[in-house]
Structure formats: structure tokens, C-alpha cells
Amino acid sequence: MNQTPEQPPQNPVQAAAELPPPNPEAAHHSRRAFLFKLSLLLNGAVGAALAVPLVGYLLGPAWRNGGTVGAWVPLGTLDSFPVGETRFAQFRSPVGRADDGDTAKVACWVRRISQQQFQVFAINCAHLGCPVRWFAQSRLFLCPCHGGAYYEDGSRASGPPERSLFEYRYQISGNQLIVHAGDMPTLATQASCSEKRPLTQIQPAAAIAASTTSSTPRSGEWQV
Amino acid sequence: MASLKQRATATYDWIERRLGLIKPMTAAAEHPTPASNASWWYVFGSAATVLLLLQIVTGVLLALVYSPSANEAWSSLGLLNERIPLGWYLRALHGWGSDFMVAIVLIHMVQVFLFGSYKFPRELTWIVGVGLLLLTLGMSFTGQVLRFDQDAYWGLGIGASIVSRIPFVGAPLVHLMLGGPIIAGTTLSRFFALHVFVIPGILILAAGVHIWMTLYHGVSEWPMPGRLVSKATYQREYHELTEKTGIPFVPDAAWKDAVFAAVILLAVMATAYFFGPIGPGGVPDPTIIQTAPRPDLPFLWLYAVLAFLPPHIETAFMLIVPVLVIIAMLLLPLFAGEGERHWKRRPVAVLMVCVIGITLALFTHLGTYTPWSPIMDAWTNAPVPQKYLENRSPLERQGALVLQYQQCRNCHSLDGMGGQRGPALDAVASRLTEDQIIRQVLQGGGNMPAYGNALSPAQTNALMRFLLTLHGDQPRAYDASRVLTQSGSDAPPHAEPHQPSEVKP
């Protein structure tokens, strides 16, 4: 086998160290150094121009103003909700897409107080969003996750939730009950879009209880 | 004709002359390390790296079949489990490998903490390691989302609900997290991107930096009580120790790492083979509400903590405590970068590990059986035990019916059956008097809803009569003043209380 005469350098750092020292003039911050700094500046500007739309794209979903998404969707005929009872209902989210599959389905509890009075509760517990279940005999909603409990009017009964159940706005249109749905209900994003109220942050449970028990909901109105 | 060996050497020379990596990497592998740390206690870091490689390989293989679409993700997991040959095994390896990796990373961290290895000059190695722990947990959570079953769906809901509690920017952050107004296809897509591109990219990079720093500073020597770390002398002392007792890391110390890595891989394989793939659970249809969502093992403790926080401090606790804990972990080596390394001279460190370990273990254990959750079908599934119905009057038996029918059993157990959210009722009458039972049922309180609106007076009366028969071996609780007024002032205080209507056969 032929051995090549020159041995490769051990590593690039050593190789650089073995090179003759650069021209002292070039080492001074002269034209080349200035051009290098200029090129950094140029890349900074290009980088910023590139980054702004990228970040904008990334933050796109956050920029959408909460409370502007959503639409009215039919829940069913009035006959399917007997007065005095609370019934399970479901609809397809108006903000869902075809390829969302089952996840675009939304469930809710419809309580018919009288002929024209309803309460439409979000399925999501006000604590951490788990699906609450209605028990007609004890007239309670119970949450399977951490044991939150609500009375039939949605007000907090016990457990970790600090407020009442979220409610959808509803309207009666002919023989149809329709609700306004958009965001997934959380403490910051309400069940339905709101023209009146800002997105609420956490309120003391006592104040919520007072506000929910003092007034009964009327058609076209909703409570936080 | 050159021999085979000569030809192999020539090929190696040809490659290395052009690559220039094999020699320095061999040198790094053979670097001398103090003989004292060729120990079985020093194998967890390399085991975590091996598990990371396993996760990468199995993850890539799963990605060949998995469909990150809300419509198809769940069924593609079914495809992997049922139709694709060995798909179930790959899913099992990846799922259990993830739990093993979290465990090994935690053990590695505890070992480094107890051995004081985070002290000078390895502070930054620890800080990057804290980042690696968080990234590993991030992989665990996002991976659980990709399973896209009911638990994943409601787990996202829990995540969004926590995020929504952040003041001022809660709503934008919820939308950012979900990729839209609801949990749907865009949510899955972004968690797929996080799990497959973003977090692994950062994780591999950070793991590389972490390993580089371990090589650069050398593996810390076995701590000795009384041998203090000082910034002025440590590096010289370590250098001397390495010169005096040094052994080449490969092979003299590394064989233990290799054996442990093989054991861990075998353990993952055995777990995967015997326990099979994790899920998927029910289809992610939010209208199927007969579900009790629960997170994966690494997050069960958190799920449990969230059940016990009082409502008024919950938000503050959720948002502030994790930040404080992470900051404390990051700052630890900066404030305790010198001094004793040995655990025998660091009682506070040992105590902290014990307390944190026991706390996490307890909450995780609680999370496995969630005593705070109502058992939704106990009222139909857990009948009143026969012994509690014998020798009871018709009214009392009617009360037992009320107890069942009003779903009391969802939260209260009888003879060990039923929910555990409220106290067991087997001996309730030995703790509460007649009046107290009525008050508790009608007005609730102490985490019990009020049943005043759900019960008629007749139902309440029957329920109370039945509950009064439940006092176990103990005497029934009674109101002393009532007994006095009913039986005269000379009655002894321990007299058998007034019996409401108990019919003795």
C-alpha cells in the first residue's frame, strides 16, 4: 500500500494554530471588518423581515379576537325538551371543519324551566373542563374528574369549581331551540361569543352564586 | 495481495484521513476517569440516553403508519394495534419506553442531587439537565395527546382550562394552544408538530450539550464526607485524582453503563410484551360523556393535587408554584455550588428528596384510584348491603331506597362499596345526631351539595330514619340537651338516647 507523504492535521483547531499569523494590517478593524459588521446588520434586517410574518403565522390563532367566532346552531325542536326536565343535546360546532371528525361534536345540557325559559349548560366543568353528568333524581350535575357538583340551575354545589356551569346563549326560533356556540368554554373563553361582556377572569364563588340565584335567565339573555 | 486485516486498516485510514472524527471520538471515549465513579450509581445518565434513542427509533417507525388527523388518528392506532404486524409491539415499546424514560431521568436527577454532582464546575450541566427533564415531561404529555382518545381529548381540555386561568392573556393562549376555538384537528396537528419536530429537536440538541459538558468536565468523582468543593481548588484536585487513580472510561467504567442499558432495554421489552400497548381508550367524541378522564402515570400526581386544592387558592397555586419550582431547580447550583457533596453531610438535601419523593408517590397512588371522584354508577351498581336492611322497619327500608335513588352512594360508601368522596355511612349515626343528619342532608356543606330542593319532607324523614340505624358497634350519637328535656334532669348523660321509631323485632 502506498502511504501518502503528508499527514492530515489532527484537528482543525490545531491546523488553524499552525497557520502563519495573519497580516497585522488585516487584523485591524479595517475595511473587511467593517464589511463583515455591515453583513451582520444586513442579515439582521433580513432576519427580522423574515421573522415577523413567521411569528404572525404562529400566533395567528391567538390573535383571533375571542368572542367573535361562533354562530347560531339548532339544538332541536322545543318538544324534545320537556318543561321541568334537563336533557342531553348535541350539535356540530359551527367553527369545526369536516376533517375534525367527532371532535367537532359538542354536547350540552338543556334545562327547560318553563315554556319559553331555558338554560343551556356547557358540558365542560368550570373547574378543568371535564364532562359533567346530570343526575335527575338528586337534581345535580357531577363531574367525574375531581368531583365538582352543581345544582340544577348550574350554580356551584360543592367541590373544586369556583363558579357555576358555563351557559350558551339561546333563542327560540319558531319551534326550534337555537344556541350560540363558538369557543370551547373555559374561564377565559366563554361558551358563546359575547357582545356585552368582556371575557371574565376568575370571580369569587360567592359573587357568582349570588348573581345566578338572584335572577332567572330570560330568553335571549345569558349569564356568566 | 494484501491480507484482509491490511485492507481493513487501509480502509479505516482512508476514511479517517478524510473524516477526522474517529480518532478524537475514540480519545474521548477512552478519557481517564476517577476509579471511584466506575459505580452502578453512575449508570442512569447513559441509560436515559439509550432510552432516548429507543424512543427516536420507535417513534419514527410509528410515524410510518400514524395519521395525525383528528378524523383518523384514533383509527390509525387501531390499525397499528390490530392489523399492522408487530404494530402493537412498537406502540407498546414507545409507550412504556416513555414511562421508563421519565423514571430514569428522575432517578438520574435524584442521584446527581444526592451526590452533589451539580456543584462547581458542573452547574450548567445541571441547568441543562433541568431543561431535559422538562422536555422529557413535554414529550410525555404531547405523546399522550397523540394517542387521541377520550383521555387525550379531556386532557387537552384540562390543559386549556389551566391555561385559561392565566390573567389577561388566558384567552389568546387557549387559542394558541388549541390552534383554534375548540379542541379539533388543528389541535392535534400542532401537538404532532411539537411531539415530532420541535421538542425532539431541542431535546436532542440539549442532550448533546449535556453529554459534551459531562465529557468536558469529566464525570464527578465519588463524594467523600469532608472533601469540600471549592472553586479555587476543585479542578486541580479532580485533575490530580484522575491522574492518580484514573481508568479509561471505555472499557473500564463503561461496561457497567452498557450492562445497565441492556437491562433497561430488556425491561422495556418485557413490559411491552407482557402488558401490551397503552390504549387507545374510547374514541375522542366529546358527546360520549360516560368517561372518567385520567392522565398517564407521570401526571397522575398533578391530577390528584388539582383535586385537593381549595378553590380560592387554586389558580394562584397552579400558575405560581410550577414557576417557582422550576426557578428553584435552575438556581440550585448557583446558590449551592460549593461545599459538601456527600449526602451524610447534607441532611436538608436528603430530607427534601424524601419529602418530595413520598409526596409525589402518595399523590400518584391517590391518582390511581381517585377517591375524590364520584362513582357515577354506584347508585345502580352498589346495592345496600343486606345486613343493613335486616330488622329494619318499612320506613327505614324506604329510606334505604331514597339513599340509593338520590345517588348518595356515588359519593358515600356502605360496606366498602360506593364512592369515597364523602365519608362512609356505615356508622354515620354514631357521629351525627338526628338533627345533624337532617341539617347535613338538606343544607349540605363540608363539600356536600344541599339536597333541600331534591328531597320531599317524607323522603328526608325516611332517609334520616334509615341513616339512624347505621351506627356500627358504637352507641348512637345524641343531643344531650334533648335527652335531658325528654327524660328529666336526673337522667345520666350516658343514657340510651331517645329512639325515634326503631322497631325492635
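The structure is a predicted model, in which local features need pLDDT of at least 70 and side-chain atom pairs count only at pLDDT 80 or more, whereas totals for chains, interfaces and linings use all residues. Residues are numbered from 1 along each chain as its sequence is written, with chains lettered from A and ligands numbered from 1 in the order in which they are written.

In chain A, strand β3 (105-112) is joined to strand β2 (residues 86-92) by seven bridges, and the two run antiparallel. Strands here are DSSP runs of E of at least two residues, and helices are runs of H or I of at least four, numbered from the N terminus; two strands pair if DSSP finds at least two bridges between them. A:Val110 of β3(A) is the bridge partner of A:Arg87, and A:Val110 also has A:Val120 in β4(A) as a partner. Five bridges link β3(A) to the antiparallel strand β4 (residues 118-122), and a hairpin of five residues connects these strands. Six of the eight residues of β3(A) are buried (20 or more other C-beta atoms within 10 Å of the residue's own, C-beta atoms being placed from the backbone).

Chain A also holds an open sheet of four strands, ordered β5-β6-β7-β8 with antiparallel pairing. Its edge strands, β5 (133-135) and β8 (156-158), each pair on one side only. Two bridges join β7 (residues 149-151) to β8(A), and A:Ala149 stands opposite A:Ser158 in β8(A).

Between the chains, 59 residues of chain A are in contact with 65 residues of chain B, contact being defined by C-beta atoms, placed from the backbone, that lie within 7 Å. On the chain A side, elements giving two or more residues include α4 (60-63), β5 and β8, while β3(A) provides the largest share, three residues.

In chain B, helix α6 (residues 123-146) has 24 residues and reaches 35 Å from its first C-alpha to its last, close to the 34 Å expected at 1.5 Å a residue; the expected span is 1.5 Å times one less than the number of residues. Its buried residues, among them B:Trp126, B:Leu132 and B:Phe141, pack against α5 (87-114), α7 (150-163), α9 (185-217) and α13 (311-335) of chain B. The helix is followed by B:Phe148, whose phi is positive, near 45°.

Chain B is divided into domain 1 (34-369) and domain 2 (378-487), with bounds from an automatic or database domain assignment. The centres of these domains, taken over C-alpha atoms, are separated by 46 Å.

Technical notes. Buried ≥ 20, exposed ≤ 12 C-beta atoms within 10 Å, placed from the backbone. Contact = placed C-beta atoms within 7 Å.
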